[in-house]
Amino acid sequence: MKSSLSYHLLFSTFVTKVRVPLRMLKKISGILHYFHYFRSITGNRIYLLLLINILVGLTDGLGIAMFVPIISQITLATVAHEHLGKLQYFTEFLERIGIDLNLYNLLLLMIVIFSIKAAFSYFRSIYFQKIKLEAVRNLRLEMVSKMRHANYYSFTRINAGEVQNAMHAEIIRLVDSMSNYVKTIEFLVVMLTYFALAFYVNWEFAILVSLAGIFAMFFYNHINRLTKRESQRLSHAGNQYQGKVLQAVNNFKYLKATNVFQKYEAKLRHDIEEIEQSNFQMGKFQAIVENIKEPFIITIISIVIFVQLWVFKSNIATIIIGLLLFFRALTYLMSLQVSWNRFLAGAAAINTIENIRKLLTQDAEPASEAGQHIDIGSIQLRDVGVSSAKKQILHNINLTIPKHHTIALIGESGAGKTTLANVISGLVLPSTGEILYNNAPIPAKHSQALRSQVGYIAQEQHIFDDTLFNNVTLWAQPNAENLAKFQEVIKLVSLDNFVENLPLGAETRLGHQGVIISGGQKQRINIARELYRDVQLLIFDEATSSLDSETEYVIQKNIEKLHGKYTIVIIAHRISTVKNADMIVVLDNGKIVAQNDYDSLYEENPMFRRMIQSQQL
């Protein structure tokens with residue numbers, strides 16, 4: 001009667017604590033959410049990994065269960081089968097198949113069981129390493145591919161530091177978090193295996209330990225929430241820091257020349273200190289969860305043994321095997337908390353990377369068909385309009401550009417010149433109207449093929465930290481054909497003497513952003529690159545505005561050599577740059593207000609005449 005009453009009180013206590021398991025269920029739901037995410041990266045192979053973890057737990061549990069009959073043999077004590085709980089069926093099975101439960105056979109059997117466990121564990125480690133490396137590779141390749149297909153306007157709204165941080169630091173944190181997540185799953189499966197075996201052997205003992213384990217979850221949940229908050233703070237600080245570093249590198253000359261680097265250094269210091277503070281806080285939380293587990297386990301086990309012996313009057317043999325199983329189960333429970341805390345320390349990287357993936361996917365271009373060739377021919381714009389962020393940039397543009405003609409786009413800053421050039425090149429799709437190339441529209445899925453026929457030379461010179469040859473040819477093989485083509489375009493842009501005087505000729509490295517060469521040389525390299533690509537349409541967007549008059553004159557002569565060989569669109573503020581164009585288009589507030597050749601516009605358009613006169617003055 002007393003025993004029955006004790007069990008009733010124990011069950012009532014368990015029922016009244018139902019709110020506590022709900023927290024556990026919430027955590028399991030979170031684990032399953034991340035499991036779905038990592039499965040989307042690793043594929044179905046993660047299920048095999050889960051199965052291997054179950055086999056590791058089962059073999060480990062059976063190996064531990066062998067200690068009871070072994071202790072019995074060593075002490076020469078008789079332990080009845082029924083004292084083993086329901087594990088008696090396992091020992092009875094061994095006897096039925098002819099295995100005598102003497103000390104020699106028991107030790108040998110335990111060695112075999114743990115050897116099998118070690119084999120499963122080894123295969124699991126190797127298999128997971130392969131999954132992890134392939135997952136990281138696929139994720140990086142996917143992000144690079146998404147960047148290639150990203151919508152131009154969407155990409156310009158992304159923080160450069162966030163992209164840099166996601167592709168470097170956050171990808172490392174993601175790898176670490178995935179490793180710790182898999183460890184959490186591993187510990188969870190093994191822990192549940194031990195709990196299942198313990199419930200099978202001694203369910204009263206199991207309920208007591210489970211209640212104590214659930215109680216511990218309150219403490220760990222609090223630590224985990226703090227860790228997750230610091231992880232998000234670290235990702236944000238990392239994004240800010242990476243962005244500022246990129247700006248410091250790109251603007252180093254100005255910061256150094258004006259001696260204002262000290263002010264900028266203060267901003268970098270703030271981000272560095274915030275990153276270090278977050279890392280320290282997460283390290284402190286991890287130290288807490290790692291070092292509290294042993295005292296906690298011993299305390300729980302001691303209390304439960306006391307209750308089993310003095311309250312429930314349980315058999316010592318049953319307690320021993322339950323103790324062995326639950327000591328292992330609680331060890332894995334604490335290890336689970338440690339690995340989950342470490343996972344949360346890097347889990348914010350998932351949000352950062354997913355945010356970048358989402359931004360890169362937003363309005364992404366469709367994949368271009370392989371081998372698609374576009375003949376640009378003449379270009380016609382019919383009632384083209386472009387809007388962005390609820391602002392109308394271009395209004396009802398109607399324009400025809402005959403093949404191999406040169407047109408110039410002029411107007412005040414903000415008139416829409418660059419946007420119109422971006423529309424012509426296929427970089428920006430019009431919101432309204434249509435564009436015809438060679439009398440036919442180009443489907444969106446062919447926009448990449450269209451841009452492969454476009455050369456773009458902007459005011460900011462794009463120089464890679466590589467050799468001159470690679471900068472012009474974009475890493476073509478240096479065979480005889482490509483070398484001859486390289487020499488041809490170098491002469492066209494008047495760089496042949498410059499190349500001959502370089503210490504290593506075409507193999508000279510140009511440094512970060514072409515630090516060893518002048519602005520005019522950079523711009524001519526940019527032009528040579530587009531000529532090497534055999535494009536049909538050349539766009540010069542303020543290509544000479546940042547150059548001195550003499551260099552501008554040289555590049556202008558280079559451009560004039562191309563007249564009649566390419567379709568050319570020139571954007572410029574200086575009238576001298578566009579004077580020889582076949583047609584000049586005047587833009588004002590996103591509208592074409594005039595278009596004609598130079599002399600005709602001068603005679604008939606007061607706005608154009610005022611622009612020329614102000615520049616002549």
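1. Let's start with the pairing of Val-586: its bridge partner in β10 is Ala-594. That contact belongs to a set of five bridges joining β9 to strand β10 (residues 591-596), with the two strands running antiparallel. Please keep in mind as you look around that this is a predicted model.

2. The turn between these strands deserves a glance too. β9 and β10 form a hairpin with two residues between the strands, and in this hairpin Asn-589 adopts a positive phi near 55°.

3. Now for another partner of β9. Strand β3 (residues 406-410) pairs with β9 in the parallel sense, over four bridges.

4. How much of strand β9 is buried? Five of the six residues in β9 (residues 583-588) are buried, which means that the strand is largely enclosed by the rest of the structure. Buried here stands for under 20% relative accessible area.

5. Stepping back to the whole chain, you will find 24 helices and 10 strands. The chain has 617 residues, and 48% of them count as buried. Its exposed surface comes to about 31300 Å², with carbon and sulfur atoms supplying 58% of that area.

6. One last point, on contacts along the chain. Taking those between residues at least 6 apart in sequence, 79% join residues at least 24 apart.

Notes:
Residues are numbered from 1 along each chain as its sequence is written. This is a predicted model: local features need pLDDT of at least 70, side-chain atom pairs count only at pLDDT 80 or more; totals for chains, interfaces and linings use all residues. Side-chain values use heavy atoms; hydrogens and water are left out. Buried means under 20% relative accessible area, exposed over 50%, partly exposed in between (1.4 Å probe, protein chains only). Contact means heavy atoms within 4.5 Å. Accessible areas come from the Shrake-Rupley method with a 1.4 Å probe; for residues, only the protein chains shown count as cover. Two strands pair if DSSP finds at least two bridges between them.
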